[in-house]
Amino acid sequence: MTGICALCHHEAPLRHSHIIPELIYKPMYDDKHRFMQMGSIKPGIKYHQKGLREHLLCQPCETHLSISENYVSEFLGSMGGYEVERKEQLSLLAGLDYKHIRIFFLSVLWRMSVSSLPMFKNVSLGVHEEVMRQMLAADDPGLPQDYGFLAVIPYIDGEFCKDWLLQPDWIRFQNRRLYRAVIGGILYLFVASRRPPVMPHPSVFIQRSGEWIIQHQDVRQIPHLKQWLDEASLLNR
Ligand SMILES: [Zn+2]
């Protein structure tokens, strides 16, 4: 299928691109090669035979983004090649590749915004979509607070649920939009603004030095996830 590539804007054969790259789904496939998707509006469990895809990018752009994807795949999969220090509810990561992590997660947010799939209908970046497209096309990771994003690992009754995918939504946060998505069991919070919000510590956004603080929280401390799980009757009483 030929069309206009969403990233480089050239006319080219379009790949059946993943909105959320396969590498994040991989650990989520069960033995029947399905992953669990839980909708945030009407609770219920649906199965998809494949990841959510759309004709979106040309092959050179797929290849361009795959460099950061490969890095993040190893980061999420092996948890090696960098340092982790655990301090109570926090993991202090060091030695990460700032550029690859920034490009990867910004590309996921941007793809969700560009996508016409119903799953991502709540993600609409407006003027930021074009700014982010130019950053991605130029391989420019920007500053830590440019569209900064946080990662929180929720535990459900003490367990990390790596097969959890929750439809993205957004809330107002310090007069900015904050997009929320659970992907592969990890809650990602994206600030859709280049004006830095007030954060408890700068390193909740990955820093150029390669430091990134990831929080661990019982899901009962995360109101919107607790509410969703309560409605789906998935929490132990
Ligand atoms: Zn392209």
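How many helices and strands does the protein chain have? Here are some notes on the predicted model, in the order I would walk through it.

1. **Overall make-up.** To take the opening question first, the protein chain has five helices and twelve strands. Of its 237 residues, 34% count as buried. If you look at contacts in the chain with a separation of 6 or more, residues 24 or more positions apart account for 69% of them.

2. **The nonpolar core.** The largest nonpolar core has 56 residues, and Leu57, Leu106 and Leu109 are those with the most contacts inside it. Helix α3, residues 98-114, gives the most to this core, namely ten residues. As general background, nonpolar side chains tend to be buried together in soluble globular proteins.

3. **Around Leu57.** What does Leu57 touch once residues up to four places away in sequence are left out? The list is Cys5, Ala6, Leu7, Leu14, Arg15, Ser17 and Glu62. Do have a look at this one in the viewer, as Leu57 is also among the residues with the most contacts inside the largest core.

4. Helix α4 covers residues 127-137, and its buried residues are Met132, Arg133, Met135 and Leu136. These four lie on the same side of α4, because they cover an arc of only 165° around the axis. Val127, Glu130 and Gln134 are exposed on the other side of α4. For reference, an α-helix has 3.6 residues a turn, so residues three or four places apart point the same way. Helix α3 is included in what covers the buried residues of α4. Just after α4, Asp139 takes a positive phi of about 60°.

5. Not counting residues up to four places away in sequence, Ile103 touches Ser68, Leu136, Asp139 and Pro141. Two of these names have come up already: Leu136 is one of the buried residues of α4, and Asp139 is the residue with positive phi just after that helix. As for Pro141, its C-alpha atom and that of Ile103 are separated by 5.5 Å, although the two residues are 38 residues apart along the chain.

6. **A three-stranded open sheet.** Which strands form the open sheet, and in what order? The order is β1-β2-β5, with antiparallel pairing. Strands β1 (2-4) and β5 (53-58) are the edge strands, each pairing on one side only. From one strand to the next, the twist averages 65°. Strand β2 spans residues 11-18 and is joined to β1 by three bridges; Thr2, for instance, has Pro13 in β2 as its bridge partner.

7. **β11 and its two partners.** Strand β11 (residues 186-191) pairs with strand β8 (residues 149-155) in the antiparallel sense over four bridges. Strand β10 (residues 176-183) is also antiparallel to β11, and six bridges join the two. Tyr188 in β11 makes a handy landmark: Ala151 stands opposite Tyr188, and Ala181 stands opposite Tyr188 as well. The hairpin of β10 and β11 has two residues between the strands, and there Gly184 takes a positive phi near 60°.

Key:
Residues numbered from 1 in each chain as written. Predicted model: local features only at pLDDT ≥ 70, side-chain atom pairs only at ≥ 80, totals over all residues. Buried ≥ 20, exposed ≤ 12 C-beta atoms within 10 Å, placed from the backbone. Contact = placed C-beta atoms within 7 Å. Core = buried A, V, L, I, M, F, W, Y, C linked by C-beta atoms within 7 Å. Arc of directions from axis to C-beta. Pairing = 2+ DSSP bridges. Axes fitted to C-alpha atoms, helices over the stretch in contact; angles between N-to-C directions.
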